[in-house]
Amino acid sequence: EGKSTDANKCSMYCTAFNSFCSKFFKTMCYDTYMFWFGKGDGACNELGNFTVDVVTCGKGVFKARQTPSYFYIFFLCLARAFKQVYGNLGNFLQEQILHIGIGLFLAVSANQLLYVGRVEPEVCEVLTVAPMREICTQPIQDAYTGTANFMCFAVGFAGIAVGSTTFGAERAVFYRHVSTGMPVLPYFFAKVINDLPRMLIAALLVVAMMFAQFYSVGDYGKLLGVVIGLYFVSFSQGYFLSIIIDYDSVPLAGVVLVMFFSLIFSGINIRLTERANYPPFFQLLFQLSAPRWAIEAFYINEMQFYARYLDISERLEYFQYFLHNYNTDIGAMFYIGIFWQGLTLFAMKLVGRHKMK
């Protein structure tokens, strides 16, 4: 009798589990299909209509009822976003205090930053035991990578904290507008484009404050490019986090995300030369890590000066960096930012669908 009861319970649990799996699979397939091909509000349909509207100035898409074109909706959303962000000068200036503070912290960490080259190879051969020779070939002092890693963490957190307000602060408004017929794509593009000046201003403030105590031996414009790239990625990550989790929890999740990429996949604690020891998925995360590219760009920008009179080939090989890789690094950060923005657009179409009806 006891065995019969256990068998009935097991059968009941298996039936419930099978029902859950079936419902989950059907729901997932349905939501995925509706996201891409849903009638009227599918991503493919919206993207096609938006492209045609932009090209034809709103005259190329047939509409069952008279509604504004995607181009006009984009203009209205952009004007509204501009007033929200830049219309209140007091709030906008308060936002800049965060970036000024980060720049000053970076200036303190970069105070008296210096590169002291390695001991001569002949000296290492004579005075150093074999297991220590690899360390002997490294420079006596080089804190540039540590400063760059701290910059990635600080700028990453600030970008996520500020970028999360773009969509997260008005999710209820977004759902209400979409439920009345507003397409997602023009709203999304208007918000992102409106944030581009915020990223530039933030980067300018951080770099300007860094120069309070940081004497860069590299190109100032390239240093600014690295900070802009970091802000572009971190803003995009803030967009995504503000859609998939509660708005009040974004700062905490942002710290975790920034630490995840800055500490593990930055190429410093786990060097790029050691990636082969890890599964392919981990190697992919290195490619998707903005700190990995930002640190290299910052480092080679500063090392260009020392490379004129010191042999830094061993150090570059140690980190697997290349002196002429700056444009590749900046381009990689741009594509990583686009990747996070694509995830954000996907999440905006998929999360909270019941609130958009």
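In this predicted model, Phe 211 has a relative accessibility of 30% and therefore counts as partly exposed, a class that lies between buried (under 20% relative accessible area) and exposed (over 50%), taken with a 1.4 Å probe and protein chains only. Tyr 220 is likewise partly exposed, because its relative accessibility is 44%. A pair of aromatic rings is described by the distance of the centres and the angle of the planes. Rings of Phe, Tyr and Trp (its six-membered ring) pair if their centres lie within 6.5 Å, with planes under 30 degrees apart called stacked, over 60 edge-to-face and the rest tilted. By this rule there are 26 aromatic pairs; among them is the tilted pair of Phe 211 and Tyr 220, with 4.6 Å from centre to centre and 40° between the planes.

Ring pairs also join Phe 167, Phe 174, Tyr 175, Tyr 187, Phe 188, Phe 189 and Tyr 239 into a cluster. A charge sits over a ring if NZ of Lys or CZ of Arg is within 6 Å of the ring centre and within 35 degrees of the ring normal: Lys 222 has its charged end over the ring of Tyr 326, 5.2 Å from the centre, while Arg 292 lies over the face of Trp 293, 3.8 Å from the ring centre.

Turning to the whole protein chain, buried residues account for 44% of its 357 residues.

Residues are numbered from 1 along each chain as its sequence is written. Local features need pLDDT of at least 70 and side-chain atom pairs count only at pLDDT 80 or more, whereas totals for chains, interfaces and linings use all residues, and side-chain values use heavy atoms, with hydrogens and water left out.
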